[in-house]
Amino acid sequence: MASSWEELAADKRKRINDSIPHEWRLQALPSDDSVFDFPAKSGLLSDQELKITESTASDLVQQLAEGKLTAVAVTTAFCKRAALAHQLLNCCLEFFPEMAIAQAKELDAYYEKYKKPVGPLHGLPLSLKDQLRVKGLETCMGYVSWLGKYDENESVLVTLLRRAGAIFYTKTSVPQTLMVCETVNNVIGRTLNPRNKNWSCGGSSGGEGAMVGIRGGLIGVGTDIGGSIRVPSAFNFLYGIRPSHGRMPYAKMANSMEGQETVHSVVGPMAHSAADLRLFLTSVLGMEPWKYDSKVVPMPWRSAEEDIIKLKIKEGLTLGYYSCDGVVLPHPPILRGIETVVSTLKDHGHQVIPWTPYKHDFGHNLIGNIYASDGNTDVFKDINASGEPAIPNIKDLLNPDIKKVDMNQLWDTHLHKWNYQMEYLDKWRELEEQQGRELDAIIAPITATAAIRHNQFRYYGYASVINLLDFTSVVVPVTFADKSLDSAKENYQAQALNSLDATVQAEYDPEAYHGAPVAVQVIGRRLSEERTLAIAEEIGKLLGNAVTP
């Protein structure tokens, strides 16, 4: 007799829990809303393991390369902290410490023999979003119907990271379908935010956001088709980069709507510092991924582009900014976050000028229609295959009753997207002509809210329009919501931009959001990863948050 979807999910949860060694298991879960500081108080981690997990990836790879730390010691520390992370936050779909330790032993043996690292990430544990395939493991991606399928081949990025010396120990949770900015599925349930269990960790790379947020890892690998790297980064006070399509290898990764080419999902890192994002990007590009994935642009890391920004920083950057995209007004903490960044930049001699968002309502509607262009056949095929229900969070985005588009409609959509991209570049150049200077980047909200309460994420446009444009975007953590500074707007319903805006604004409660992480995104032109990351790093330094508080 075939198992029910509930039985299959229960078996998966048991297998995940059984993968945690008994000596790493908690006897009781803490009752506090915040578990952010719990790992340091748990008694599970030694002083050295705490120091390792509270370091930076850049520092660890240097110590590993110099033989000051062993891969086994570093990997053990992160496996322990990841085990705590899953028990506290429910963030893993796969946990495999034995495989990780075995890989670490091989790296230590190599170092002992040759007295050098195998590559730039030698001995560094990396957590992976469940989309990335690892040989011998499941990739269920939040679908019950995908359980029991074990990968015989690895994603190209996994192979390249492994050659660079990275160690894998966990694959983290995602929402059913990947298409929402919260992380909940019928396999393991909801993933929580370490700073407050009442807040979302973001999505769809939410398991990564939670894992890296509580330092169960220092660099997490996520993907982004509508904010899925940037929203979890913002909600967990992390840096995160959405590279433009073609910069990082995506080949052989699992996906919903596989083959959809109108708006590409991209892969990129999340971390506690811009320097660690750079470490990941340079390490991958150093492996020449264009030789393994035909869609990757053969473009090594361009240090000269960073040098240009360093010179501009001395002379003064020219940056645009906007607080509202004309569709949904952000909550007060986000507005204060934008103001903080703008005023800080001005105080340090940079020119920051208003940017008028161009047709963001059009862009938001267009990409929403693209997501549903197959009538949602693909995602509901995988949902219905097991009999599991659709999570409520997808109802606003993926309507099963919508009609499929035909090929001519798809071609028209491609033209609409291309025209919009070119029109946006026209506006960019127009501002440069007015100023007589190059516009280096644009500062903008990444979400309308700080880390949001569960099931309340409604508006994707601040993130998704950037996907439509295929601009590079880097999230910079800024501050935290403060009930004494971020008062709710009075009588806003009467002046709301539209019904969606009214709904989003009505969700704000200064008390409930007190302490929630606030972030901005730094937006650069397509394939401007070097320049945009350098600007984001400078903003982080000026804000004084280069290291997570």
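At what angle do the axes of helix H15 and helix H16 cross?

**Ground rules.** I am working with a predicted model, where local features need pLDDT of at least 70, side-chain atom pairs count only at pLDDT 80 or more, and totals for chains, interfaces and linings use all residues. Residues are numbered from 1 along each chain as its sequence is written, and side-chain values use heavy atoms, with hydrogens and water left out.

**Whole chain.** I found 18 helices and 15 strands in the protein chain (DSSP runs numbered from the N terminus: helices are H or I, at least four residues, and strands are E, at least two). I noted a box of roughly 60 × 60 × 50 Å along the principal axes for the C-alpha atoms.

**H15 and H16.** I looked up H15 (residues 407-435) and H16 (residues 461-469): their axes cross at roughly 100 degrees and come within 9 Å. Axes here are lines fitted to C-alpha atoms, for helices over the stretch in contact, and angles run from 0 to 180 degrees between N-to-C directions. H15 and H16 are therefore roughly perpendicular (65 to 115 degrees). Lys417, Tyr420, Gln421 and Tyr424 of H15 meet Val465, Leu468 and Leu469 of H16, where contact means heavy atoms within 4.5 Å.

**Rings.** I searched the whole structure and got 15 aromatic pairs (ring centres of Phe, Tyr and Trp, its six-membered ring, within 6.5 Å). Ring pairs join Trp355, Tyr358, Phe362, Tyr420, Tyr424, Trp428 and Phe471 into a cluster.

**Charges over rings.** I noted the charged end of Lys359 over the ring of Phe362, 4.6 Å from its centre (NZ of Lys or CZ of Arg within 6 Å of the ring centre and within 35 degrees of the ring normal). Arg195 lies over the face of Phe36, at 4.1 Å from the ring centre.

Conventions
Parallel < 35°, antiparallel > 145°, perpendicular 65-115°, else oblique. Phe/Tyr/Trp six-rings, centres within 6.5 Å; stacked < 30°, edge-to-face > 60°.
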